[in-house]
Structures are given as C-alpha cells and as structure tokens.
Amino acid sequence: MSADVVPFDWGRMLLGDTPPLFLLEIAFRTVVMFLWLAFLLRITGKRGLAQLSPLELAIVIALGSAAGDPLFYPEVPLVHAMLVIALVVGLQRWLSLLVIRSERVETFMEGRPVEVVRDGVLSQGRLASANLSREDLFERLRSQGVRQLGEVQRAYFEQDGNLTMFRHAQDAPPGLPVVPPWDLEPPALLPLGSVPTGPVACVECGQPGPASGPLSPCVCGGQQFTRATTDPLSGGRPQDAKAEQAEAPQGGSPTASSRS
C-alpha cells in the first residue's frame, strides 16, 4: 500500500481523486457511449441480439470492455473508444457475411448440430462431445414436456445451445423415464439375471432390454435396467419394478444407481 493512501478516506473511496465536476462528465460520457453502442447493435440484426454463437459472445465481451472503460476513466478519450467499438461491430458484420457465404467458415465459427437421441436411445459419445450430461439432457427434455425417452424420435443439440426435438406423432413406444427427476426419485433398478415381465430399458443409454429371458449387460456396457413405460407418472412404475426385483434369483441384488 502506498504511503500516500489513507485507509477509509471516504472522499477518495466515493469520489476518487477527480474534482466533483467530473461526475457531470461521467454522465455525459455514459449517454454518448450508450447511444453509440445502441446504434451499432441495431445494425447488427436481430439474430445478433437473440441467440449468441461463440463468435458473437466474444464480440459482446469485447464491446463491454470497450464501452465500459471510457465511461469513468478520464484518460480514455471518447473518440478512441468509439473507434474500437465501430471496428468490433464492423468485424462482426464481415464475419457474418463470411458465415453466410462459406459453409466451412460457418462450421468453424459455429460448429455443427449434434444428434443426441435417436429412436429413444441416447448417444453417449455425442453427449460427451457436446459437453452435455445425461441429467442436463433430461432436464431439457422435461422442459418440453417429455416424460420418457420412447417419445423422442430425434433430438439435436443445436449450434446455438438449444435442443430441438421431434416426437412420435402417436403411439410412442415405452422408454426410459425422465420424470420424476432422478435426483428426487431414482428409478427402481432391476438386477442382471432377473426375468422381466414387461419392457425394460438400460438406465445408461435407454436401449430397450431383451424382450424375453434374463437380463444381460446392455450393448453400451451398462448393467442397470429399469422398467420402460409410456407414462412414468401413472403411478405403476415403481411398484412394478419392485415386484420384478422380488422375482430375481436369490443371489441377485440391484446395483446402486449412479450418475453419469
């Protein structure tokens, strides 16, 4: 700490070392920079304000830094900051034109959509590449009214971070339940070797289990199954699963649920 700094100097803490009239200059600077930034953002188009790609997020951060400093630093001239902001917005417009005209540039800048569900089965490798956990995906599905994975024909994790989903038009097959949230009510598990009396699904990927015979490890390597259902909220799922656990061989026991 400098010897010239007096701790708890309220004048320095509240007003700094500038004269009080500089407060009026701060107000003027704020109005000028706000109007300039609003004008430049207006010409970027609605998409630039609604759904941010990684490129647009970087531009927003750059704009925030360029617009913030001249608001209250007297050594930062307004014209310098306005030039920086105009260059950043111009760069965004130029890159947007490149994205429109070149698929390679678009893929490099914004990535590709990722298919995360196909016919009620999770693609675990693609979930990992999209940095999306199973629980995150289930939360997004629940927000769109999905009760079980069998309802979903396709689900895509889009370039803008949204989830696009296509359901069966009617008569969805039973699938892995996503409600209630597993943190609140974990699905009742069926042990390997038990013989289910109804449809089952792997809790790791949602792949349907064998239609007959004892349960064996899933093609994804998962060793945990639960009852597949068309409506997890109907009230019958937990009891049915517990009844099947009772039918398991004497040496079998369900495996504890684990989060991916």
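**Reading a model step by step**

Biologist: How does D231 count at 25% relative accessibility?

Modeller: D231 counts as partly exposed, because its relative accessibility is 25%, and a residue is called buried under 20% and exposed over 50%. Please keep in mind throughout that this is a predicted model. R147, at 35% relative accessibility, likewise counts as partly exposed.

Biologist: What do the side chains of D231 and R147 meet in?

Modeller: The general idea is that side chains of opposite charge can pair when their charged atoms come close. Here the side chains of D231 and R147 form a salt bridge, with 2.7 Å from N to O. The pair links distant parts of the chain, since D231 sits in the loop between β7 and α9 while R147 sits in the loop between α8 and β3, 84 residues apart.

Biologist: How many salt bridges does the structure hold?

Modeller: There are nine salt bridges in the structure. Another one of them joins R154 and D119, whose closest N and O atoms are 3.0 Å apart. R154 belongs to strand β3 and D119 to the loop between β1 and β2, so this pair ties together parts that are 35 residues apart in sequence. R154 is partly exposed, with a relative accessible area of 21%, and D119 is also partly exposed, with 47%.

Biologist: What about R134 and E135, are they buried or exposed?

Modeller: R134 is buried, with a relative accessible area of 3%, and E135 counts as buried at 15% relative accessibility. These two form a salt bridge as well, their closest N and O atoms being 3.3 Å apart.

Biologist: Which residues does a cis peptide bond join?

Modeller: A cis peptide bond joins V179 and P180, where omega is about -5 degrees. P180 has its place in the loop between β4 and β5.

Biologist: How many aromatic pairs does a search of the whole structure find?

Modeller: As a general idea, a pair of aromatic rings is described by the distance of the centres and the angle of the planes. The search of the whole structure finds two aromatic pairs. One of them is formed by F138 and W182, which are edge-to-face, at 5.4 Å centre to centre and with 70 degrees between the planes. This pair links distant parts of the chain, with F138 in helix α8 and W182 in the loop between β4 and β5, 44 residues apart. F138 is buried, with a relative accessible area of 3%, and W182 is buried too, with 14%.

Modeller: Another pair consists of Y156 and F166, whose ring centres are 6.3 Å apart and whose planes stand at 75 degrees, so the pair is edge-to-face. Because Y156 lies in strand β3 and F166 in strand β4, the pair ties together parts that are 10 residues apart in sequence. Y156 is partly exposed, with a relative accessible area of 24%, and F166 counts as partly exposed at 46%.

Biologist: To finish with a helix, what should the 24 residues of α5 span?

Modeller: At 1.5 Å a residue, helix α5, which covers residues 78–101, should span 34 Å, and its end C-alpha atoms are 35 Å apart, which agrees. The buried residues of α5 are L78, A81, I85, V88, V89, Q92, L95 and V99.

Definitions and conventions. Residues numbered from 1 in each chain as written. Predicted model: local features only at pLDDT ≥ 70, side-chain atom pairs only at ≥ 80, totals over all residues. Heavy atoms only, no water. Helix = DSSP H or I, 4+ residues; strand = E, 2+ residues; numbered from the N terminus. Expected span 1.5 Å × (residues − 1). Buried < 20%, exposed > 50% of the residue type's maximum accessible area, 1.4 Å probe, protein only. Salt bridge = Lys/Arg side-chain N within 4 Å of Asp/Glu carboxyl O. Phe/Tyr/Trp six-rings, centres within 6.5 Å; stacked < 30°, edge-to-face > 60°.
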